[in-house]
Amino acid sequence: MAPPLRVSFIFFGGIIFLTTALFYIWAEEFSTLSSELAKASAGEAISDSKNSTPFHEPSANVQCRPPQAPPSFLGTPSSIMEDIQYCIETSRELYNSLEQDVNETKATFENVLLPIANLENLCGLRYHIVGFYKSVTSNTYVHNASIESMKMIESFERQSCQHSGIFRLVSAVAQRGQTLLPEQQHFLDDRLRCFRQHGLHLNPSEQTKYNQIQTRLSELQYAYEENLKHPPPTLEFSRAELEGVSDEWLSIWKLESDSKGDNLFKIPLGRAEVSLVLRSATGSHTRERVYVANENKNHENAAIFAEIVNLRNDAARIAGFQNHADGALVGNMVRSFRDVDKLLWALKQDLNAAGQEEIAFLKEVKRIHLEEMSETFSDSYQLWDHHFYSRLQANKDAHTNIDALVSAYFPLEHVLRRVMQMVARLFGIRFEGITESKDRNGIVWHEDVRLFAVWDDSDAVNCTEPFLGYLYLDLFSRAGKFGGRVANFLLQPGFTFANGTRWYPVTAILSNFARPTISNQANLQFDDLIALFHEFGHAVHNLVSKTTFSRFHGTRVARDFVEIPSLLLESWCWEESILHSISSPSLLSPSTTRPTHNNNVNTSTSSISPFSLLQNFINAKRSHRVLSTLQQIHFATFDMAVHQIGDSEALNTTSISKLYNRLQRQVVGLNSSCVRDEKDDWGHGYANFGHLVSGYDARYYGYIYSRIYSVDIFQSYFQTNPLNHTPMRRFRHLALEKGGSQNENTTMAEFLGRQPDLRAFYRDLGISSGV
């Protein structure tokens, strides 16, 4: 990730003054999260069942005033551009001043790097928010200004990492050999790495070529991401072709009439709709049409991605790296692309047999299902079969319809309260909500947004416990909002002023959940629940981090470390006691009438112990997870492959498609009728995959690598008692608070005291491979 831009003290002194003034206007309106959280804070258990483990909040009925105002979100197109332009010009003045006033022989951390770090700290107060607007605004002009400002920032960042005068001064500091604090040394090393990665050692002609490539890459990245936001293409189906899809979804999709006057449903190929049809539609032809169309949409992005990977590799070789993967891994936990390749290959080999067993098992499930439907079985198991038959078998294993189970027992508002209380208990923090009032104008960007002040829980009664920062929740889908399921955004990184006082961080969780109504609780699917836990892991990382420099705050860490906290928190979703504790009160009775639906599941209702119900559910969801893991290994393997092309190679859309589909067949082991004859150029699923152009390029393996760590941590410290807050608070202080201020391998060695145990990863998948 590029380091943050810099800004002047004078400029942001005005911003700090204005936001502080705004703070005192609304401060009197500050109150507790909700009546339920207030009860919990008074010491009441949030679980209503004597059989489940209760959560408690520390006593906190006092309304405490934060020492820092929340940020303002009143940006206009003109103010956004003016802010960034002023920031860039002021930063240039600083660089020129340092170059003119500081002699290389007298260059020190204090007179060269510390001024730069201080400006970065202050810059972060607007830098992230300016880029955030594009993800939450429906105002086209603000959206476009946000995008343009980010392009300007990225361009300036490249220039700052190619400033020859600053490079000479920073190099002189390194050669001086000062005794520095660990985070100062890390800052120095990071700056030198930035110069190296941006080719400052190159001759003028090479630098010109390098800069041209980077400018073009920035343009391509934004074009790719904007294409993902466009309305997806649609397919039309008759009601018979959508057999198995719930009436609730059918009522949403627009009806069209064909030439015969028959009604057709127009289905957009969005992520949720594609997933739903692949899971639910009983007709193989329907699933095939949806799958193949989804893999062939976003044609523009296929061409853009081909140009991106070629330019990335060209730029890396100009800068002196073997390929893009070689340069991208500098500063990560795994430093060599060959080591990443070895890891992915070993995992693939260890999981291969279990993956083939899953395919054989689900192929038999398909055969039985088709015989029951009086349809012909072709002795094949296709890519579009997997979601349907794995769900079908999971429903049979759970003796109920899993989607309906989650829908019935995990209403959004109820689950959100329970999750926040659990997170507070584990990490030793407390959430206080800011009530809705007229004075909220400006400190939230939409009326749906909820704002919380977050505190340490050391002394809630006297309001003397440390303030940690602010958390925003923007949960409901609306026009102009980012298109993903759930995501975390760092809006203002924390840092320490020279006098030792703190600027506290601000972070936000965005989602596109349905809005609750009187008749609809907006229930969560299990995947939604996992995503919510995941993003709370990122949010807590941003809130509890305590670094001197904003460059290293919170989630601003190595890509193969950043997912460890979020994946760790996902582990709680698989614990029966946790699901029981956060589920709807209707599940907490001694027995529960479980709802069942069609889709080849017994539609009668019966009474069952809630514990048995949840255990069946967990067991069913845990089954057949090897194939999904292999699919993630496929993405990571493809990512590494395209970013390691040789000097004389050039990839195009056809060759990239062939590589993507061939690796999918080889790694995952699933086929499609399109590739039976080794014709792998039939689709471009990578064109729908934003990670590979937005920071995870040559680092998507980080999800697998982080998961290896997170599973090991959970099994080592939480398996027997998921609510044991002692190791989690130790993890908070030893790992999360450090952010990226030290080498992440050092951070994990300090916490675990050893290398991660790969056997824990395999145990989590229910296999013994690799042991």
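Let me start with the cysteines: searching the whole structure turns up 1 disulfide. This is a predicted model, so please keep that in mind throughout. The disulfide joins Cys 161 to Cys 194, with an S to S distance of 1.6 Å. The torsion about that S-S bond is about 75°, so the disulfide is right-handed. As for where it sits, Cys 161 lies in the loop between helix H5 (140-160) and helix H6 (164-176), while Cys 194 lies in helix H7 (residues 182-197), so the pair ties together parts that are 33 residues apart in sequence. Cys 161 and Cys 194 are both buried.

Now two other cysteines. Cys 87 is in no disulfide, and its nearest cysteine sulfur is that of Cys 123, 3.9 Å away.

Next, the cores. Which residues have the most contacts inside the largest nonpolar core? They are Phe 536 and Trp 572, in a core of 153 residues. At least three residues of this core come from each of domain 2 (232-297) and domain 3 (406-586). If we leave aside neighbours within four places in sequence, the contacts of Phe 536 include Leu 416, Val 419, Met 420 and Val 423. Phe 431, Leu 471, Leu 473, Ile 509 and Leu 569 are also in contact with Phe 536. There is a second, separate core of 62 residues, and among its members are Tyr 95, Leu 113, Ile 153 and Tyr 222.

Last, the sheet. We have an open sheet of 5 strands in the order E4-E5-E6-E10-E7, and the pairing is mixed. Strand E4 (429-433) and strand E7 (486-492) are at the edges with a single partner strand each, so one side of each has no neighbour in the sheet. On average, neighbouring strands here are turned by 25° against each other, direction ignored. The partner of E4 is strand E5 (residues 450-456), and the two pair in the antiparallel sense over 5 bridges. Within that pairing, Arg 430 stands opposite Trp 455 in E5.

What packs on the sheet? Helix H17 (residues 412-427) does, touching E4, E5, strand E6 (467-476) and strand E10 (506-513). The direction of H17 makes about 140° with that of E4.

That is what I have; I will take questions.

Definitions and conventions:
Residues are numbered from 1 along each chain as its sequence is written. This is a predicted model: local features need pLDDT of at least 70, side-chain atom pairs count only at pLDDT 80 or more; totals for chains, interfaces and linings use all residues. Side-chain values use heavy atoms; hydrogens and water are left out. A disulfide is a pair of cysteine sulfur atoms within 2.5 Å. Helices (H or I, at least four residues) and strands (E, at least two) are DSSP runs, numbered from the N terminus. Buried means under 20% relative accessible area, exposed over 50%, partly exposed in between (1.4 Å probe, protein chains only). A nonpolar core is a set of buried Ala, Val, Leu, Ile, Met, Phe, Trp, Tyr and Cys residues joined through side-chain atoms within 4.5 Å. Domain bounds come from an automatic or database domain assignment. Contact means heavy atoms within 4.5 Å. Two strands pair if DSSP finds at least two bridges between them. Axes are lines fitted to C-alpha atoms, for helices over the stretch in contact, and angles run from 0 to 180 degrees between N-to-C directions.
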